[in-house]
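This report describes selected features of a protein model. The sequence and structure are shown first, and the account follows.

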Amino acid sequence: ENPCCCYTEARMTKEPEAIEMFVGGLVLDPNTQAPVVVLKDESGSISLPIWIGVAEATSIASVLKQVPMARPLTHDLMSVMIHELGGRVERVIITELKDSTYFAEILLAVGDKAFILDARPSDAIGMALREQAPIYVSQEVIKQAQVKFEPPPQEASEPTPEEEPKQDLQGVERDKWGEILEDLDPDDFKYKQ
């Protein structure tokens, strides 16, 4: 019997009720200024926004923008530990959305054993990016939380003055990330991970 309730031994199987998604980018919630990681399906027609913390956004951004860090971040350390112990991340799965909180699992293989680790989606995504492991989202979560993409109308209207523009961080230059993330104050955030 495993004394730790955080993981269970498992058999690696396909996820028939989940679809593979990819990190589409990081944006700021226009209302709270909290970081949001956006997952997209292969066609780009389904988006899944997940509100995350500043530290997790920094970790994800450092991989997306290939920004070298002076010292290893938590996910970098975890990745090194997994490799040193002979393991590999097979995939991560966003499994559930309950009371506005997402739940995820990291499927870890060590030799001929497999383990399911309970994780926050932000940590699971940070690990998947480092390990180049696929990210899956259960169909149930997609039904509950997806945002369907609709192409803009042929003639785009001018934004009204009261509309605040959303800050899209996907095109931000590598050297500007430090300034942006330093300006984010975690005490002002209202988010669920």
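## Glu131 and its surroundings

The side chains of Glu131 and Ser79 form a polar contact at 2.3 Å (a pair of N or O atoms within 3.5 Å; within protein, one must be able to donate a hydrogen and the other to accept it, and residues adjacent in sequence count only if both atoms are side-chain atoms). The model is predicted: local features need pLDDT of at least 70, side-chain atom pairs count only at pLDDT 80 or more, and totals for chains, interfaces and linings use all residues. Residues are numbered from 1 along each chain as its sequence is written, and side-chain values use heavy atoms, with hydrogens and water left out.

Glu131 belongs to helix H3, residues 121–131 (helices are DSSP runs of H or I with at least four residues, strands are runs of E with at least two, and both are numbered from the N terminus). Glu131 is buried but has no salt bridge, and the nearest side chain of opposite charge, that of Arg130, lies 7.5 Å away. Here, buried means under 20% relative accessible area, with exposed over 50% and partly exposed in between (1.4 Å probe, protein chains only). A salt bridge requires a side-chain nitrogen of Lys or Arg within 4 Å of a carboxyl oxygen of Asp or Glu; for charge, Lys and Arg count as positive and Asp and Glu as negative, while His and the chain ends are not counted. Leaving aside residues up to four places away in sequence, Glu131 touches Ser79, His83 and Val89 (contact means heavy atoms within 4.5 Å).

## Strand S5 and its partners

Strand S5 (residues 87–98) runs antiparallel to strand S6 (residues 101–110), and 10 bridges join them; strands pair if DSSP finds at least two bridges between them. Arg88 stands opposite Ala109 in S6. The hairpin of S5 and S6 has 2 residues between the strands, and Asp99 there takes a positive phi near 55°.

S5 is also joined to strand S8 (residues 135–138), in parallel, by 3 bridges. Ile94 faces Val137 of S8 in this pairing.

## Helix H1

Helix H1 (residues 54–64) is mostly covered, with 8 of its 11 residues buried. Among them are Val54, Ala57, Ile60 and Ala61. Just after H1, Gln66 has a positive phi of about 55°.

## The whole protein

The protein has 5 helices and 9 strands, in the order β-β-β-β-α-α-β-β-β-α-β-α-β-α from the N terminus. Of its 193 residues, 39% are buried.
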